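This report goes through one protein model, from chain totals down to single residues. The sequence and structure come first.

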Amino acid sequence: MVNYISAMADARKSRIRSPGRPPKSRGDERERLLDVAIALFSRHGIAATPLSAIAKRARVTPAMLHYYFGQRERLLDALVEERIVPLMATLQVGLDAPALAPRARISAFVRDLFALLGANPWLPTLWLREVLSDGGLLRERLLVHVGARIAPRLSGTIAAAQAQGELNPDLDPRLVVVSLIGLTLFPLAARALWTRVLDAAEIGPDELAQHTLALLEHGLGVSR
């Protein structure tokens, strides 16, 4: 009888979680919460998305969200450091590839960027809302973590291609970077609109990359 009572007490204890970290079976809960936050941020904007809305959409308590991320600033840090920076790091690797000539690196960058944005459709809209728009809540974070790493490399690659006679010497490498942002981020951020207006639902990231490279290399001229 004593053994039975002891066993029952042990069983009850095993079902009671001590305060602190949630069970290991919920180890992916943090990633899911981050996914939900990203979806809502890209759709409504960060300022218009309270943490309570994220918790409600994820069907967790606000206390659970607070456990993983604390205040909104920590959630934004996690979004940048764990989702955006690793994606952009893949572009940096391509720009640093010594085996490719500068012009080939630029073409690879355009293709890689379209592929990356196509695989992560939340990113163009979020970037437009929270980085390019005045008052965007990710601007300063991404200027430090992404802009300072990618933009100088891309500008330097363009200048190197000019020095080797591969690109128009009259171009300002810094403004080419600006042009590339306009030709890549904006079309994908507004894709739902222009595909309807132009009846172009079949056009995806691959077709956009091909079009953008043709436009960059040949402009609107006709080959003769």
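## Contacts and overall content

In the protein chain, 67% of the contacts with a separation of 6 or more are between residues 24 or more positions apart; contact means heavy atoms within 4.5 Å. The chain has 11 helices and zero strands, and read along the sequence its pattern is α-α-α-α-α-α-α-α-α-α-α. Helices (H or I, at least four residues) and strands (E, at least two) are DSSP runs, numbered from the N terminus.

Of the 224 residues, 36% count as buried. Buried means under 20% relative accessible area, exposed over 50%, and partly exposed in between (1.4 Å probe, protein chains only). Accessible areas come from the Shrake-Rupley method with a 1.4 Å probe, and for residues only the protein chains shown count as cover.

## Basis and confidence

This is a predicted model, in which local features need pLDDT of at least 70 and side-chain atom pairs count only at pLDDT 80 or more, while totals for chains, interfaces and linings use all residues. Residues are numbered from 1 along each chain as its sequence is written, and side-chain values use heavy atoms, with hydrogens and water left out.

The mean pLDDT (the predictor's confidence in each residue, from 0 to 100) of the protein chain is 87, and 87% of its residues reach 70 or more. Over residues 1–25, pLDDT stays under 50, and the model has seven contacts beyond four places in sequence for them.

## Helix α6

Helix α6 covers residues 102–119, and its end C-alpha atoms are 26 Å apart. This agrees with the 26 Å that its 18 residues should span at 1.5 Å a residue; the expected span is 1.5 Å times one less than the number of residues.

The buried residues of α6 are Pro102, Arg105, Ile106, Ser107, Phe109, Val110, Leu113, Phe114, Leu116 and Leu117. They pack against α5 (72–95), α7, α8 (139–163), α9 and α11 (205–218). An α-helix has 3.6 residues a turn, so residues three or four places apart point the same way.

Leu128, Leu132, Ile181 and Phe186 make a nonpolar surface patch of about 290 Å². Two or more of the patch residues come from each of α7 (122–132) and α9 (173–189). Patches are made of residues with over 30% relative accessible area and no salt bridge; like charges are joined within 9 Å, nonpolar side chains (Val, Leu, Ile, Met, Phe, Trp, Tyr) within 5 Å. A salt bridge is a side-chain nitrogen of Lys or Arg within 4 Å of a carboxyl oxygen of Asp or Glu. Ile181, in helix α9, counts as partly exposed because its relative accessibility is 34%.

Ser155 is in helix α8 and is buried, with a relative accessible area of 16%. Beyond its neighbours within four places in sequence, Ser155 is in contact with Pro173, Arg174 and Val177.

## Loop residues

Arg59 sits in the loop between α3 (51–58) and α4 (62–69). Its phi is near 60°, a positive value in a residue other than glycine, and at 78% relative accessibility Arg59 counts as exposed. Asp199, in the loop between α10 (191–197) and α11, also has a positive phi, near 55°, and is a residue other than glycine. With 66% relative accessibility, Asp199 counts as exposed.

Asn168 belongs to the loop between α8 and α9 and counts as partly exposed at 39% relative accessibility. The C-alpha atoms of Asn168 and Glu217 are separated by 9.8 Å, with the two residues 49 apart along the chain.
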